Amino acid sequence: GETAALKSRLVRFLHEELGFDVLALESDLYQCADADLEAAGSDPRHTLFKCAFGVWHVEEVLPLFEHLRSSRVTDRPLRLAGIDVQPIGTNKDDRPAFLARLLADVESGLAGEARALDSTFLCSEMGVVKEERRYSIDNSIFGLMYEELFALAYKAHPYSWPVLGWMSDLDGICRDDCVAYFRTYYAPNNAVLIVAGDFDTDEAFALVERYYGGIRRQEPPAPLRTAEPEQFGERRAEVRKPAALPQLLIGFAATAVSSPDIYAIDVLQTILTTGHSSRLYKRLVRESAIAVEADSWFSWMIDPSLYIFHLTLKADADPAECERIVYEELAAIASGGVTGAEMAKAKNSLEADFQRSMQTVNGKASKIGRYEMLFGDYRTIQEVPGKYRAVTADDVKRVAETYFSPNRRNVVTLVPERAES
């Protein structure tokens, strides 16, 4: 890969890989309000722009997919995942032409959409965002529980804010809010653009310079001024909604992506809940038969994130008993560690997943952008397999003891209620 600086200070990474008839353009990697990919939409103005400009998720493509899809050069199958374009031609001459048109459409489209952000357009797109809020949170058991968990776990940090905002936020947004937010956070000096695939690097640099070089930089966003204070005890909440099965969400205050512990935590997560031979699946689903599903995850985030367990219980199961079994397993690892066989299997699984994620052009583009945003240097990608291999059983034992303390625990229990007839 190569790195070059634009006059507008847009950071670019070009990954040239011969033999692919595919181009992936990742250009919606922005340092947003919370300085974090996972919470980038926590300001509802960002949510509106994601909808209005066709940008649905931070990991997906910059704006105007519909605009691109209607242009003459994109009458071939497209799918949002980068952009992943399959195919775009049988010779190299087609690809620079497509890239030039793609970049031109992005730039001109952005300017046109910004000018077109009148009250009618704003009202229309706001309705779409509100419907997304209703669908993914207000009418979703998991969405409500997830929102409650983050409100419970974070008292100072903006990770507590839901990505879509609250309805009252959406009701109060005006055009000036959107324009100011867009100018601040969607500036080229606040973005990462990656082009991956089969292309000529010099030509691609020239095209990026041509279509992005003249876009003015803006004042950088204000840095986050707060940090989440230490948690000194368990916090609990209930969600009471009509539902068929009880559920539990348990979030332990964990650590940030800058911590070397993230690799040991990933190994621990794999041992706990990845696959039917994992510890919690065996205890909760196969042996005690108290649950129908046992999952957990730990998201790499710029500031300390949560290690989350999601447990779906049988209809007659006792959530307190399910919790007891979970905490018993966590305590067993914190005191007695894990086996060599568990370590080998988990590390093999993690490395295989990592390698699979790099098999496609879009996978490489996405990885480059994500690591540049999280670590400040995309070349960290090369270190990851070795980091996983270096994790020891003692490391796993230590992180279990450190992060699964009851004082770090936040629990949301779904209490099913009967639906009104």
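**Aromatic pairs in the predicted model.** Across the whole structure, a search finds 16 aromatic pairs. Rings of Phe, Tyr and Trp (its six-membered ring) pair if their centres lie within 6.5 Å, and their planes count as stacked under 30 degrees apart, edge-to-face over 60 and tilted for the rest. This is a predicted model, in which local features need pLDDT of at least 70 and side-chain atom pairs count only at pLDDT 80 or more, while totals for chains, interfaces and linings use all residues. Residues are numbered from 1 along each chain as its sequence is written, and side-chain values use heavy atoms, with hydrogens and water left out.

**Phe142 and Trp297.** The ring centres of Phe142 and Trp297 are 6.4 Å apart and the planes stand at 55 degrees, so the pair is tilted. Because Phe142 belongs to helix α5 (residues 141-153) and Trp297 to strand β9 (residues 291-298), the pair ties together parts that are 155 residues apart in sequence. Helices (H or I, at least four residues) and strands (E, at least two) are DSSP runs, numbered from the N terminus. Phe142 is partly exposed, at a relative accessible area of 32%; buried means under 20%, exposed over 50% and partly exposed in between (1.4 Å probe, protein chains only).

**Tyr146 and Phe150 in helix α5.** A second tilted pair joins Tyr146 and Phe150, at 4.8 Å centre to centre and 45 degrees between the planes. Both residues lie in helix α5, four residues apart, which is about one turn of the helix. Tyr146 is partly exposed, with a relative accessible area of 25%, whereas Phe150 counts as buried at 10%. Ring pairs link Phe142, Tyr146, Phe150, Tyr154, Tyr159 and Trp297 into a cluster.

**Helices α10 and α11.** Helix α10 (residues 279-287) packs with helix α11 (residues 319-336) at an angle of about 150 degrees, their axes 10 Å apart. Axes are lines fitted to C-alpha atoms, for helices over the stretch in contact, and angles run from 0 to 180 degrees between N-to-C directions. The two helices are therefore roughly antiparallel (over 145 degrees; under 35 is roughly parallel, 65 to 115 roughly perpendicular and the rest oblique). Arg279, Leu280, Arg283 and Leu284 of α10 make the contact with Cys322, Ile325, Val326, Glu328, Glu329 and Ile333 of α11; contact means heavy atoms within 4.5 Å.

**Ile250 in strand β8.** Ile250 sits in strand β8 (residues 247-253) and is buried, with a relative accessible area of 0%. Leaving aside neighbours within four places in sequence, the contacts of Ile250 include Tyr307, Phe309, Leu311 and Arg409. Ile250 and Leu311 are 61 residues apart in sequence and 8.5 Å apart in space, C-alpha to C-alpha.
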